[in-house]
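Subject: Handover of a structure and the findings from it

Dear colleague,

Please find the structure below, followed by an account of what was found in it. I would ask you to keep the model open while you read.

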Amino acid sequence: MNEDAQGTNHIVCYLDLLGYTHLVKDHADDLEKIRGIQRVFEGAVGMIDGFKTMPEKFSTFEEHRKLAHRISLRISSDSTIFSMPLLGLSRLRSEIDIETNTFAYLSGFLDKISMFCLFVTGKLAHLYRGGIAIGQHYEDALNNNPGYQFIFSKAMVEAYEIERSATYPRIVFGEGVDANFKKMLTEAGYLFLDPTDNKLCLDIYGRLDATKEGAQKVLREICEGIPKAIRYYRHNHPQEFFDRMRSKYEWWIACHNLRTKELGFPADIQINAQI
């Protein structure tokens, strides 16, 4: 039995890639397109797995390695599930206290989700909507075969329900996190309060460094891809569906332009709202 499969408290993130159903219908016979999408997810997963083998020349190697090995990632069609146990966490550094250690794991978990979402959105121009919950989560391999997973999870059900009610392409935080941790995560740039309805959400832009070439590259990919995606929906789908998708993209564009400006990114990393 997996040592993390004891039904203990986990933090779970359920993500839905918006528009994926139509992506499948539109390209079901295009093997080159399908393999291209597969390569995108392989790149996203590889980015997360890369932390497990980060060269020891980096001072934070041991911390990233421990974090990455605690995170479970499952992808099935348009659904992606991140999970991580919150009990029995090894010390990332011997000198830090338990509260700081838990915060480091939570923030690291949220960092990986943000990286994953930005990478996939940059490559596919599809947006994620999600929910994050904390609670009971049991996960184990059937017959000791990691290819067959049994999951029984109250946290995953709650994360799914949060995602379904999130409306906009955002990742909404549930109620199961200690208020002190929420405050710390917000002050550190991991969460923000959406003024639309006062829901606490993951700020996937919050930890980006405007001076880093890698961050600028990802955001430029998003700037180029999203207008193309909107034009594709306009010309290839019924008006009702296009209007529904456009409203989601417009919400994203407003957030993207606001956050990139606040974070000091170059002016060309803005998306024209009049698409």
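A residue is called buried when its relative accessible area is under 20%, exposed when it is over 50%, and partly exposed in between, with a 1.4 Å probe and the protein chains only. This is a predicted model, in which local features need pLDDT of at least 70 and side-chain atom pairs count only at pLDDT 80 or more, while totals for chains, interfaces and linings use all residues. Residues are numbered from 1 along each chain as its sequence is written, and side-chain values use heavy atoms, with hydrogens and water left out.

Two backbone positions

Most residues other than glycine have a negative phi. A125 has a positive phi, near 60 degrees, and sits in the loop between α4 and β4. Helices (H or I, at least four residues) and strands (E, at least two) are DSSP runs, numbered from the N terminus. Is A125 buried or exposed? With a relative accessible area of 7%, A125 is buried. N198 likewise has a positive phi, near 65 degrees, and is found in the loop between β7 and β8 (199–202). N198 counts as exposed, because its relative accessibility is 56%.

Helix α8

Helix α8 covers residues 239–262. The buried residues of α8 are F241, F242, M245, K248, Y249, W251, W252, I253, H256, N257, R259 and T260. Among the elements that cover them are α1 (20–27), α4, β4 (128–142), β7 and α7, where covering rests on contact, meaning heavy atoms within 4.5 Å. Just after α8, G264 takes a positive phi of about 85 degrees.

In α5 (residues 154–164), the buried residues are A155, M156, A159, I162 and E163. Seen down the axis of α5, these buried residues fall within an arc of 120 degrees, so they line one face of the helix; the arc is that of the directions from the helix axis to the C-beta atoms. The cover over them includes β1 (9–17), β3 (79–85), β4, β5 (145–153) and β6 (171–173).

E163 has a relative accessible area of 0%. Which residues does E163 contact, leaving aside its neighbours within four places in sequence? They are Y14, D16, R129, G130 and G131. D16, in strand β1, is buried as well, with a relative accessible area of 7%. Apart from neighbours within four places in sequence, D16 is in contact with D78, L127, Y128, R129, E163 and R164.

Pockets and a cavity

Both terms rest on a 1 Å grid over the protein atoms alone: a cavity is a set of points where a 1.4 Å probe fits but cannot get out, a pocket is an open set with protein on both sides within 12 Å along at least five of seven lines, and lining residues have an atom within 4 Å of a point. Grid points are joined across faces, edges and corners, and a volume is the space filled by probe spheres set on the points.

The largest pocket has a volume of about 710 Å³. Its lining holds 25 residues, and those closest to its centre are F51, D111, M115, R207 and L208. Two or more lining residues come from each of α3 (61–70), α4 (98–124) and α7 (213–236), and α4 gives the most, with nine. The lining divides into 13 nonpolar, six polar and six charged residues. Here Ala, Val, Leu, Ile, Met, Phe, Trp, Tyr, Cys and Pro count as nonpolar, Asp, Glu, Lys and Arg as charged, and the others, Gly among them, as polar.

The second largest pocket has a volume of about 350 Å³. Of its 21 lining residues, F192, D203, W251, C255 and R259 lie nearest its centre. The largest share of this lining, seven residues, comes from α8. Its residues divide into 14 nonpolar, two polar and five charged.

Yours sincerely
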